[in-house]
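Have the sequence and the coordinates open as you read.

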Amino acid sequence: MENPTNPLTDSMAQPESEELKPTTTDRLPEAQSLEVADPTPLENKSKSAEESKTSVNARLADMTELELLDSLAILLQGEELPRRQEVEAYKSAFYKKKQARTGESADSTTSSMAEPDLNEERLKDLLQRFRELNQTRIESMQKERESNLAQKEALLQRLRDLLGSNEEFGKISPVFHEIRKSWKETGPVPEANATDITKEYNSLVEQFYDLKQINDEFRAYDFKKNLEAKEELIHQADVIHSFRVLQELHHQWRELGPVARELREEVWARFKAASTAINKKYQEHFEKQKMREQENLAAKTLLCEEMEAIDTSG
């Protein structure tokens with residue numbers, strides 16, 4: 001009599017090498033995203049996953065060994081490779097069916113010379129096929145993520161160059177949005193690089209919007225000053241015209257002959273008062289213009305200092 005064996009643990013029934021153990025590359029991080037977060041509560045996700053697992057197990061329990069193998073073979077031929085947990089469910093269901101069929105249990109005995117189980121051999125072949133396909137999938141995903149990393153690093157460099165350029169903001173903005181669109185369209189990167197590259201991208205995006213805010217303030221300020229300047233031009237035209245006319249009037253005054261002695265002082269006083277009023281307005285005009293120029297210089301200097309204070313080094 002041979003030593004008792006268990007079909008779920010015995011090396012002939014289910015060798016340890018047949019375990020679908022996850023490797024270090026078997027689990028890849030989900031795609032990184034700054035735009036959309038899954039609002040589903042964690043407890044709801046767990047409940048849904050449990051219900052789905054129960055449903056799958058119930059479906060597999062109704063299948064025969066041959067149906068399980070045929071279904072698993074079809075899964076492996078599909079365009080999308082099944083998840084490792086799903087394959088494990090098929091494997092578990094198969095051995096439960098085998099145990100029920102052979103009448104074996106944990107304390108039953110069987111002959112070590114038993115004939116090979118063709119269904120079990122086919123299962124082992126399918127499991128091996130899954131391992132090979134899964135490894136190929138993992139390697140393909142890793143290569144794709146490395147390619148995504150190279151693309152995103154190139155986009156980061158374009159952002160750095162853009163923010164460090166001296167181009168007008170109106171030319172920078174469309175290029176920025178083009179870069180951001182390309183970033184969103186590029187898939188996830190290796191998990192080891194995801195945190196750092198996303199952090200730097202967010203920092204550069206914040207710098208862009210800092211520049212945009214200053215640019216908007218600069219434009220609003222310029223619009224206001226341009227309006228004031230144009231209104232001042234209207235005023236200048238009146239004042240300067242009056243001053244130039246005054247010069248001509250003084251020339252004509254000198255060319256004209258004298259008046260009666262008793263009226264000379266009175267007439268001259270009136271003419272002088274009118275001239276003084278025009279000269280005063282003319283002088284006040286240039287003093288106000290000089291003050292506005294100083295205010296403009298101070299305001300624009302402050303805005304330049306704010307722009308220079310933005311760190312574009314990344």
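## Helix α7

Start with α7, residues 261-309: its 49 residues should span 72 Å at 1.5 Å a residue, and its end C-alpha atoms are 73 Å apart, so the two agree. The expected span here is 1.5 Å times one less than the number of residues. Helices are DSSP runs of H or I with at least four residues, numbered from the N terminus.

The buried residues of α7 are F271, S275, H285 and L303; buried means under 20% relative accessible area, exposed over 50%, and partly exposed in between, with a 1.4 Å probe and protein chains only.

## About the model

This is a predicted model, where local features need pLDDT of at least 70 and side-chain atom pairs pLDDT 80 or more, while totals for chains, interfaces and linings use all residues. Residues are numbered from 1 along each chain as its sequence is written, and side-chain values use heavy atoms, leaving out hydrogens and water.

## α4 against α5

Helix α4 (residues 118-163) packs with helix α5 (residues 169-185) at about 165°, their axes 10 Å apart. That makes the pair roughly antiparallel (an angle over 145 degrees).

On the α4 side, K152, L155, L156, R158, L159 and L162 meet I172, V175, F176, E178, I179, S182 and W183 of α5, with contact meaning heavy atoms within 4.5 Å. By class, that contact has nine nonpolar, one polar and three charged residues.

## V56

V56 sits in helix α1, residues 42-61, and is partly exposed at 23% relative accessible area. The C-alpha atoms of V56 and Y90 are separated by 9.4 Å, with the two residues 34 apart along the chain.

Definitions and conventions: Axes are lines fitted to C-alpha atoms, for helices over the stretch in contact, and angles run from 0 to 180 degrees between N-to-C directions. Helices (H or I, at least four residues) and strands (E, at least two) are DSSP runs, numbered from the N terminus. Angles under 35 degrees count as roughly parallel, over 145 as roughly antiparallel, 65 to 115 as roughly perpendicular and the rest as oblique. Ala, Val, Leu, Ile, Met, Phe, Trp, Tyr, Cys and Pro count as nonpolar, Asp, Glu, Lys and Arg as charged, and the others, Gly among them, as polar.
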